[in-house]
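Here is my note on the model you sent over. Have the coordinates open while you read, and go through the points in order.

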Amino acid sequence: MELRHLRYFVAVAEEGGFSAAARTLHVVQPTLSMQIRDLEHELGGPLFERTGRRPRLTPAGQAFLIEARQVLAQAGRAQDAARSALRGETGSVRIGVAGAVVFGGLLAGLIREFHEARPLVRIELREAGPQVQRTAILAGELDVGFSALPAPPGEPRLASTPASSVSFLVALPAGHRLARHRTLTVEQLAGEEHIEYIIGDGDLAPPWPRRREADPPSRFRADSTLSVLALIAAKVGIAVVPAGVERAAVPEVVYRPLAEPGRATDFHLLHRSTEPAPAVAAFVNACRQPSALRPGLPGRADP
């Protein structure tokens, strides 16, 4: 039994005759009649009474019609689901993020526009630093990541695309002596107790005056921007943080612009070189070119 047998049977039942059903199906009547007889033979009995001018459903035919309609409807839904998935209109995108991207507003704008274009795609955010993102993307645990580190040149399975540039602010405890200045330079920060990012898997490595060998190591370290801000609120030191974090409005923390031209960190969209999932490929294309967000445009990541 195939779907065409069900379609032919339902057409005869709904059109009230073989001739009308044949015209609707665009097949010749002998072919339609033969298909219905094959179906009845497989089921073991007649589905239609053929004694009058119009064939009438037998009790078996009435029972079969209910189920046949449901099967055809489910098959249609399955086809629609597959086509939507192939167009990247459904599925999921798992995104690795660092605090700097979240606070900077880039990610929120991308997700908002992507969701408006493809509202059925699930979005999952996971906080992760550059090294974790790389490993998770290759392992299939993440799909893309926003990282201060581009794809390593020696790893052909990964690719990256420039996403944004992040500038910096100085975060200080409320009442700190440097807070009276409207802007600060890196040189003004020398000699202050500063909170270090744990390099390697933190958000990024903000600019700071080059340490001298005689300088003692920092007593305070953190692996994320939110953790850095918590230490600043505790009044144990100051830090250079990515612009945008002031939106978090952490109590007892104030911010001053860092007046250092050219001090910025580039962020990259990290993704697999070849992406088999259409929804993920659509997100990558959307990050590369805003026009890819328009509904109806197929999304495929370039190999």
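The points below go from the whole chain to its sheets and then to some helices.

1. Ground rules. This is a predicted model, so to speak of local features we need pLDDT of at least 70, side-chain atom pairs count only at pLDDT 80 or more, and totals for chains, interfaces and linings use all residues. Residues are numbered from 1 along each chain as its sequence is written, and side-chain values use heavy atoms, with hydrogens and water left out.

2. The whole chain. You will find ten helices and twelve strands; helices (H or I, at least four residues) and strands (E, at least two) are DSSP runs, numbered from the N terminus. Of the 303 residues, 43% count as buried, where buried means under 20% relative accessible area, exposed over 50% and partly exposed in between (1.4 Å probe, protein chains only). Take the contacts (heavy atoms within 4.5 Å) between residues at least 6 apart in sequence: 69% of them join residues at least 24 apart.

3. The five-stranded sheet. This one is open, with mixed pairing and the order β4-β3-β5-β12-β6; two strands pair if DSSP finds at least two bridges between them. At its edges sit β4 (122–127) and β6 (158–166), each pairing on one side only. From one strand to the next, the twist averages 20 degrees. Six bridges hold β3 (residues 92–97) and β4 in a parallel pairing, and Arg-94 stands opposite Glu-124 in β4.

4. A helix on that sheet. Helix α7 (residues 130–139) packs there and touches β3, β5 (144–147), β6 and β12 (265–272). Its direction makes about 165 degrees with that of β5. For such values, axes are lines fitted to C-alpha atoms, for helices over the stretch in contact, and angles run from 0 to 180 degrees between N-to-C directions.

5. Is Thr-161 buried or exposed? Thr-161 belongs to strand β6 and is buried, with a relative accessible area of 17%. Leaving out residues up to four places away in sequence, Thr-161 touches Phe-267, His-268, Leu-269, His-271 and Arg-288.

6. The three-stranded sheet. Here the order is β10-β7-β11, in an open sheet with antiparallel pairing. The edge strands are β10 (239–242) and β11 (253–257), and each pairs on one side only. The twist averages 40 degrees from one strand to the next. Helix α9 (residues 225–233) packs on this sheet, touching β7, β10 and β11, and its direction makes about 145 degrees with that of β10.

7. Strand β7. Six of the six residues of β7 are buried, so this strand is largely enclosed by the rest of the structure. In a regular strand the side chains alternate between the two faces of the sheet. In β7, Phe-168, Val-170 and Leu-172 lie on one side, with Leu-169, Ala-171 and Pro-173 on the other. Four bridges link β7 (residues 168–173) to β10, and five join β7 to β11. Val-170 stands opposite Val-240 in β10 and has Arg-256 as its bridge partner in β11. Ala-171 has Ala-239 as its bridge partner in β10.

8. Helices α2 and α3. How do the axes of α2 (residues 18–25) and α3 (residues 29–43) cross? They come within 9 Å and cross at roughly 105 degrees, which makes α2 roughly perpendicular to α3. By convention, angles under 35 degrees count as roughly parallel, over 145 as roughly antiparallel, 65 to 115 as roughly perpendicular and the rest as oblique. Phe-18, Ser-19, Ala-21, Ala-22 and Leu-25 from α2 meet Gln-29, Leu-32, Ser-33 and Ile-36 from α3.

9. Helix α4. With 28 residues (59–86), α4 reaches 41 Å from its first C-alpha to its last, close to the 40 Å expected at 1.5 Å a residue. That expected span is 1.5 Å times one less than the number of residues. The buried residues of α4 are Gly-61, Phe-64, Leu-65, Ala-68, Ala-75 and Ser-84, and they pack against α1 (3–15), α3 and β2 (56–57). After α4 comes Gly-88, whose phi is positive, near 75 degrees.
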